[in-house]
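Please keep the sequence and the 3D view at hand while reading.

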Amino acid sequence: MQTIILYSTHDGQTKKIADYLSKYLEGEIKVASITDANIILNQADRIIIGASIRYGHFDKKLYQFIENHTALLQSKFSYFYGVNLTARKAGKDTPETNVYVRKFLERINWKPTMSAVFAGALLYPRYKWFDRIMIQLIMKITGGETDTTQEIEFTNWNQVVYFANQINKIK
């Protein structure tokens, strides 16, 4: 079984999750950016797409990709995972309870075989000045970490393994 994991990331956490997920999936796995022009989707038995939120939105290229490939995605086992900091909170970490992923799935025509939500990472020291200040403000409003010297990874890696195991069960 051949699986392609595509990712759309701002700071690298979604790619990190894609790489980790690939270690737990059965078969031949390829991990690539959603913007990689060399992707050959027709050869894949399964397609997994992971994408992160920045300032409340997924990247427009994600929407374009899905719109261009909806028929193909619908014809295969296809999966989606969203990555955002809201998912760090209990009760905000499922496709049904995470506002970003829920709205995204309602907005697109593609209906993934299964979806998941993972908490991302807060990487203050790596952010540009503007992003650091804006994310710090958002964290203050939402009761999150505001110390800009900190890097905090909220991703629950056991949830990523669970998602992989669920995918492996579908044949």
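Contact, as the word is used here, means heavy atoms within 4.5 Å. This is a predicted model, in which local features need pLDDT of at least 70 and side-chain atom pairs count only at pLDDT 80 or more, while totals for chains, interfaces and linings use all residues. Residues are numbered from 1 along each chain as its sequence is written, and side-chain values use heavy atoms, with hydrogens and water left out.

**The sheet**

- Helices (H or I, at least four residues) and strands (E, at least two) are DSSP runs, numbered from the N terminus.
- An open sheet is formed by 5 strands in the order β2-β1-β3-β4-β5, with parallel pairing; two strands pair if DSSP finds at least two bridges between them.
- The edge strands, β2 and β5, each pair on one side only.
- From one strand to the next, the twist averages 15 degrees; axes are lines fitted to C-alpha atoms, for helices over the stretch in contact, and angles run from 0 to 180 degrees between N-to-C directions.
- Helix α1 packs on the sheet and touches β1, β2, β3, β4 and β5, its direction making about 165 degrees with that of β1.
- Helix α2 also packs on the sheet, where it touches β1, β3 and β4; its direction makes about 165 degrees with that of β3.

**Strand β1 and its partners**

- Strand β1 is joined to β2 by 6 bridges in the parallel sense, and β1 also pairs in parallel with β3 over 6 bridges.
- Ile4 stands opposite Lys30 in β2 and opposite Ile47 in β3.
- A right-handed β-α-β unit is made by β1, α1 and β2; right-handed means that, with the strands pointing away from the viewer, the path from the first strand over the helix to the second runs clockwise.
- In β1, 7 of its 7 residues are buried, where buried means under 20% relative accessible area, exposed over 50% and partly exposed in between (1.4 Å probe, protein chains only).
- Gln2, Ile4, Leu6 and Ser8 lie on one side of β1, and Thr3, Ile5 and Tyr7 on the other.

**Strand β5**

- Strand β5 pairs with β4 (residues 77–84) in the parallel sense over 6 bridges.
- Because 6 of the 6 residues of β5 are buried, this strand is largely enclosed by the rest of the structure.
- Met114, Ala116 and Phe118 point one way from β5, whereas Ser115, Val117 and Ala119 point the other way.
- In a regular strand the side chains alternate between the two faces of the sheet.

**The nonpolar cores**

- A nonpolar core is a set of buried Ala, Val, Leu, Ile, Met, Phe, Trp, Tyr and Cys residues joined through side-chain atoms within 4.5 Å.
- The largest such core has 26 residues, and Leu6, Ile49, Leu62, Ile66 and Phe80 have the most contacts inside it.
- At least two residues of this core come from each of β1 (2–8), β3 (46–52), α2 (60–75), α3 (99–107) and β5 (114–119), and α2 gives the most, with 5 residues.
- Leaving aside neighbours within four places in sequence, Leu62 is in contact with Ile34, Ile49, Ala51, Phe80 and Phe104.
- A second, separate core of 18 residues includes Tyr7, Met114, Phe163 and Ala164.

**Tyr24**

- Tyr24 is placed in the loop between α1 (13–22) and β2 (28–33).
- Tyr24 counts as partly exposed because its relative accessibility is 35%.
- Apart from neighbours within four places in sequence, Tyr24 is in contact with Val161, Ala164 and Asn168.
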